Amino acid sequence: MPVTPASTPVSTSTTLQLDHVTMQFPTGTVALADVSMTIAAGEFVSVVGPSGCGKSTLLRLASGLEAATGGTVAVTAAATSYVFQDATLLEWRSAARNVELVGELRGVPREQRRARAQEVLDLVGLTGFEKQHPRQLSGGMRMRVSLARALVADPELALFDEPFGALDEITRLQMQTELQRLFRSSGFAGLFITHSVSEAVYLSTRVLVMSGRPGRIVADLPVPWDYPRPPELRHTGEFAALTGRVSAALGEHLAGERA
Ligand code: ADP
């Protein structure tokens, strides 16, 4: 199976920059310590790390939901969207009207927001399901609505907090293929939190490994393959070698902390 190295040059325009960021909660918990990272346009960066190491905190800082207690967070993306593990849909609204909500809140005229909602629902493979309500949709389809809602405002930066963590394995693999297609066609930069090393490597242009709390970035590993990445990439020796390096970076740190 051919595995092509990345041929698309990565743009150097930054969408997100964290400089020496520290986050200490009022309870005294230090969630992040001296975290510096940059995400440029064209990049899809995953963060893996043990539970409680500050991954969600990192994402909340990037989204502006929370302010860092030290260092600086600079978001230069014109629009940012957030995808949660739960699809967080309004049960009483159809798929289309869930997606339209973003435009409604921004005062986009009805016809325009309907047309845009249809465009992104088509993009995520939900043509024909526009009128269904969330309870009539499978877990994978609900996540597709959630992705459509994130894409509707044409984000330059998309933040993902373990969006596929609650899906069954087969749906999860399908959604990974789907997301890398959307990444290439929609042009957003991505920051993706996951517990799955294989998911991180399959999706990303770069994988950041975090230590246990307080979270620090202990490895920054580029992923060399161009998109679209065939699902069979996961069965190659090269893929296993890279997931092995990520796991080793994770393991080394955990072992160091236990010592
Ligand atoms: P992860 O996403 O890697 O599992 P989190 O970012 O959710 O980790 O949490 C990192 C640490 O910060 C945890 O110990 C968590 O209990 C703590 N924490 C998260 N949010 C708060 C908060 N609002 N107040 C106090 N402690 C918090």
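1. The model is predicted, and local features need pLDDT of at least 70, side-chain atom pairs count only at pLDDT 80 or more, and totals for chains, interfaces and linings use all residues. Residues are numbered from 1 along each chain as its sequence is written, and side-chain values use heavy atoms, with hydrogens and water left out.

2. Helices (DSSP runs of H or I, at least four residues) and strands (runs of E, at least two) are numbered from the N terminus. Helix α4, residues 139-151, has 13 residues and reaches 19 Å from its first C-alpha to its last, close to the 18 Å expected at 1.5 Å a residue, where the expected span is 1.5 Å times one less than the number of residues.

3. Twelve of the 13 residues of α4 are buried, so the helix is largely enclosed by the rest of the structure; buried means under 20% relative accessible area, with a 1.4 Å probe and protein chains only. Among them are G140, M141, R142 and R144, and the buried residues of α4 pack against β5 (80-83), α2 (95-105), α3 (110-123), β6 (157-161) and α5 (169-186).

4. Strand β8, residues 206-210, is mostly covered, with five of its five residues buried. R206, L208 and M210 point one way from the strand, whereas V207 and V209 point the other way.

5. Strands count as paired if DSSP finds at least two bridges between them. Strand β3 (residues 44-48) pairs with β8 in the parallel sense over four bridges, and S46 has V207 as its bridge partner in β8.

6. On pairing with strand β9 (residues 217-222), β8 runs in the antiparallel sense over five bridges, with I217 of β9 as the bridge partner of M210. A hairpin joins β8 to β9 through six residues.

Methods
Buried < 20%, exposed > 50% of the residue type's maximum accessible area, 1.4 Å probe, protein only. Contact = heavy atoms within 4.5 Å.
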